Amino acid sequence: MLSVDGHDKAIIGVVHCFGRQPVLAYSVKLICETLVERDGMSVDESYEFFEFNIIGSYNGEGMPVFLYEDYENFL
């Protein structure tokens, strides 16, 4: 399983679906909180960084999935 370097605390589980290997599941909120606390980003900067540099980098088979817990704000 592929992982996101520096964000082990944001792992919330493993996702498995038919015909696909299991992958790690991350909390977008926890990743962004880490970016704010550890790297000194603003909240807006952390979400922009996440979208471009983490979810925007396709790393092939086994890439993690990312859960937006506040999906109402995502829509």
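Entry 1, the sheet. I am working from a predicted model. I started with strand E2 (residues 23-27), which pairs with E3 in the parallel sense over three bridges. I then looked up Tyr26 and found that its bridge partner in E3 is Phe66. Helix H1 (residues 28-39) packs on the sheet and touches E1, E2 and E3. I noted that the direction of H1 makes about 60° with that of E2.

Entry 2, strand order. I read the sheet as open, with three strands in the order E1-E2-E3 and mixed pairing. From one strand to the next, the twist averages 30°.

Entry 3, aromatic rings. How many aromatic pairs are there? I get three. One of them is Phe50 with Phe66, an edge-to-face pair at 5.3 Å centre to centre with 75° between the planes. Phe50 lies in helix H2 (residues 43-54) and Phe66 in strand E3 (residues 65-67), so this pair ties together parts that are 16 residues apart in sequence. Both Phe50 and Phe66 are buried.

My disulfide count is zero. Is Cys32 buried or exposed? Cys32 counts as buried because its relative accessibility is 2%. Cys17, at 38% relative accessibility, counts as partly exposed.

Notes:
Residues are numbered from 1 along each chain as its sequence is written. This is a predicted model: local features need pLDDT of at least 70, side-chain atom pairs count only at pLDDT 80 or more; totals for chains, interfaces and linings use all residues. Side-chain values use heavy atoms; hydrogens and water are left out. Rings of Phe, Tyr and Trp (its six-membered ring) pair if their centres lie within 6.5 Å; planes under 30 degrees apart count as stacked, over 60 as edge-to-face and the rest as tilted. Helices (H or I, at least four residues) and strands (E, at least two) are DSSP runs, numbered from the N terminus. Buried means under 20% relative accessible area, exposed over 50%, partly exposed in between (1.4 Å probe, protein chains only). A disulfide is a pair of cysteine sulfur atoms within 2.5 Å. Two strands pair if DSSP finds at least two bridges between them. Axes are lines fitted to C-alpha atoms, for helices over the stretch in contact, and angles run from 0 to 180 degrees between N-to-C directions. Contact means heavy atoms within 4.5 Å.
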